[in-house]
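This report starts from one residue and then moves out to the whole chain. Please keep the model in view while reading.

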Amino acid sequence: MDIVKVEAVFDVTKSQVWEALTNTEIMKVWYFDISNFKLAVGSEFSFYEGDKKEYLHEGEILKVEQNVVLQHTWKHPQQSKGSSIVTWEIEETDNNKVKVTLTHEGLENFADAGPNFAPANYEMGWNAIVKTNLRNYLYGIKKIVFEQEFKASAETVWNKMWDKKSYTDWTTPFCAGTYFTGEIELGSRIHFIAPSFDGMYSDVFYLIPNNLIIFKHIGMLKDLKELPIDAEAERWTGSFETYKLNEVDGVTTVTAEIDCVPEYINYMEEKFPLALQELKKISE
């Protein structure tokens with residue numbers, strides 16, 4: 001039997017987690033838009049995944065125990081005849097935090113749906129949903145988006161973004177003299193460093209050269225050394241910073257998506273457009 005199990009601990013209340021799992025307006029923010037979701041055993045629901053509405057999902061509520069357990073079936077009727085079961089469990093820990101456990105069992109029943117429905121893909125998806133999307137909602141981390149057009153090829157803009165000298169140039173609005181160490185390669189560890197030798201360490205989580213890069217932020221640097229994940233860093237570790245480049249007729253649009261903690265949203269909204277303007281100057 002193929003089972004995916006994801007666990008995460010949050011410094012919130014059980015009722016906050018339960019509301020996130022069952023309130024349709026809140027679910028839209030971090031999960032899926034399930035307009036016909038009703039919290040009652042036997043109730044059926046359906047939804048499409050993503051903006052492209054590519055995959056129809058269907059489910060039926062099997063078990064409801066407020067603030068403790070939510071269980072339902074999970075089907076892909078357009079791709080598979082199979083059915084699986086998703087269980088959300090909520091429990092308090094010894095240190096007054098809340099542990100959320102997501103279990104998805106019966107994935108072998110989707111073997112007829114092809115490689116896109118392999119257990120490894122569910123594992124990756126559920127980890128992102130629980131450990132990033134849910135965590136971001138519970139801690140008030142918001143995705144902020146910035147966009148800038150460049151009269152230059154995607155390759156040119158990409159090279160200016162990640163060349164180590166020009167990186168220092170275009171990021172000046174954030175902090176003059178900022179630089180990074182490490183290589184822009186899939187799986188590489190990157191250190192983003194201020195002149196004070198403090199900063200952040202991150203991993204290259206996903207990479208398509210000249211097109212897409214996703215950084216997964218891990219923790220803080222002090223005197224060029226990686227610090228352990230403390231209580232403060234636990235709020236945001238695993239957050240993403242994404243850059244998408246799309247070239248049409250010699251014009252490249254850069255879209256930056258940043259998972260941002262509440263206290264830095266105003267700062268990023270002020271500085272990020274200025275940084276993209278600097279990137280534009282050196283790219284065109």
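L39 lies in the loop between α2 (24–30) and β2 (44–49). Helices (H or I, at least four residues) and strands (E, at least two) are DSSP runs, numbered from the N terminus. The model is predicted: local features need pLDDT of at least 70, side-chain atom pairs need 80 or more, and totals for chains, interfaces and linings use all residues. Residues are numbered from 1 along each chain as its sequence is written, and side-chain values use heavy atoms, without hydrogens and water.

L39 counts as partly exposed because its relative accessibility is 37%. Buried means under 20% relative accessible area, exposed over 50%, and partly exposed in between (1.4 Å probe, protein chains only).

T253 sits in strand β14 (residues 251–260). With a relative accessible area of 17%, T253 is buried. Leaving aside residues up to four places away in sequence, T253 touches E147, Q148, E149, K244, L245 and N246. Contact means heavy atoms within 4.5 Å.

The two residues compare as follows.

| Residue | Relative accessible area | Class |
|---|---|---|
| L39 | 37% | partly exposed |
| T253 | 17% | buried |

Now the chain. It has 7 helices and 14 strands. Its C-alpha atoms fill a box of roughly 60 × 50 × 30 Å, taken along the principal axes. Of its 284 residues, 43% count as buried. Among contacts with a separation of 6 or more, 53% come from residues 24 or more positions apart.
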